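Hi,

Here is the structure I said I would pass on.

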Amino acid sequence: MNEVQTDRPPFLYQSWKSLLFLHWQIDPATIQTRLPQGLEIDTFQGKAYLGVVPFYMHALRPRFGPPCPGISYFPELNLRTYVRDATGRKGVWFFSLDAHSKLSVWIARTFFSLPYRYATMSYSIDQDQTTQMRSQRQGEALQTFSYRPTQRIGPARAGSLEAFLVERYRFYSASSKGQLFIGELTHAPYDLHQADVSQYSKTLFAINGFATPDTPPCHIVYSPGVSVKAFAIRKLSS
């Protein structure tokens, strides 16, 4: 299912753990107005989605060095949607990414042109695999997530909604001058589970200028994690 083919060496190695994918259906036209020129909203059976995704970044490191305390291990929270470029390549567009590492935020903004922000965050996982995550940007409301996996689904079936929402191996970003970039990564397919979610936050919608949904998420899925190779971004010229 990973359609990215590259013979370049990875720029970064990392693992993503305790991922929760919460998705809401949003009017495609509403999202399209927020995308930069050169990207088009990607839909599944005519429906567009915004996703809130909390997870834990583990052992982030460059290919030439080991993980480092204070840089390589931290919780993260993002708001994302799904897009295509002019050639039809599918990827993720991030409206925001919060992380509990000031240096990692600087690196991501500088080298990947991604809209990372620093937030005070905490993360824990207990013996029954319940993940607790809290996140708060300065001046914003506290966001709390509590979730645990239940019945195993396994890898997403090709052509399914799960595959559309989670199996994405490209992302797009933009510089302050409007230059678009494409980033690519590889990892094994997610091992997916149903999830029991006792707490979640919709604050990221308002923070990013969207109306806060008045309904629960329409799709929820969990993964214990994947090991990821990320490649240096490139200018999007076609």
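This is a predicted model: local features need pLDDT of at least 70, side-chain atom pairs count only at pLDDT 80 or more; totals for chains, interfaces and linings use all residues.

Residues are numbered from 1 along each chain as its sequence is written, and side-chain values use heavy atoms, with hydrogens and water left out.

**Salt bridges**

Searching the whole structure turns up eleven salt bridges (a side-chain nitrogen of Lys or Arg within 4 Å of a carboxyl oxygen of Asp or Glu). Arg84 forms a salt bridge with Asp42, with 2.7 Å between the closest N and O atoms. That pair links distant parts of the chain, 42 residues apart: Arg84 sits in strand 4, and Asp42 in the loop between strand 2 (39–41) and strand 3. (Helices, H or I with at least four residues, and strands, E with at least two, are DSSP runs numbered from the N terminus.)

Arg168 also forms a salt bridge with Asp42, at 3.0 Å between the closest N and O atoms. Arg168 is in the loop between helix 3 (161–166) and strand 10, and Asp42 in the loop between strand 2 and strand 3, so this pair ties together parts that are 126 residues apart in sequence. Are Arg168 and Asp42 buried or exposed? Both are buried, meaning under 20% relative accessible area, while exposed is over 50% and partly exposed is in between (1.4 Å probe, protein chains only). Arg84, at 21%, counts as partly exposed. Glu40, Asp42, Arg84, Lys90 and Arg168 are linked in a network of salt bridges.

Elsewhere, Glu184 and Arg234 meet through their side chains in a salt bridge (3.4 Å, N to O). Glu184 belongs to strand 11 (residues 180–186) and Arg234 to strand 14 (residues 234–235), so the pair ties together parts 50 residues apart in sequence.

**Helix 2**

Which residues of helix 2 are buried? They are Ser104, Val105, Ala108 and Phe112. Just after the helix, Ser113 takes a positive phi of about 55°. Phe111 is also in helix 2 (residues 102–112), but is partly exposed at 43% relative accessible area.

Ser72 is in the loop between strand 3 (48–62) and strand 4 (74–85) and is buried, at 2% relative accessibility. A polar atom of the Ser72 side chain lies 2.5 Å from the backbone oxygen of Leu60.

Gln14 lies in strand 1 and is buried too, at 9%. Beyond neighbours within four places in sequence, the contacts of Gln14 (heavy atoms within 4.5 Å) include Met57, Leu60 and Val226. Pro62, in strand 3, is partly exposed at 25%. The C-alpha atoms of Pro62 and Gln14 are 8.7 Å apart, although 48 residues separate them along the chain.

Cheers

How values were computed
A polar contact is a pair of N or O atoms within 3.5 Å; within protein, one must be able to donate a hydrogen and the other to accept it, and residues adjacent in sequence count only if both atoms are side-chain atoms.
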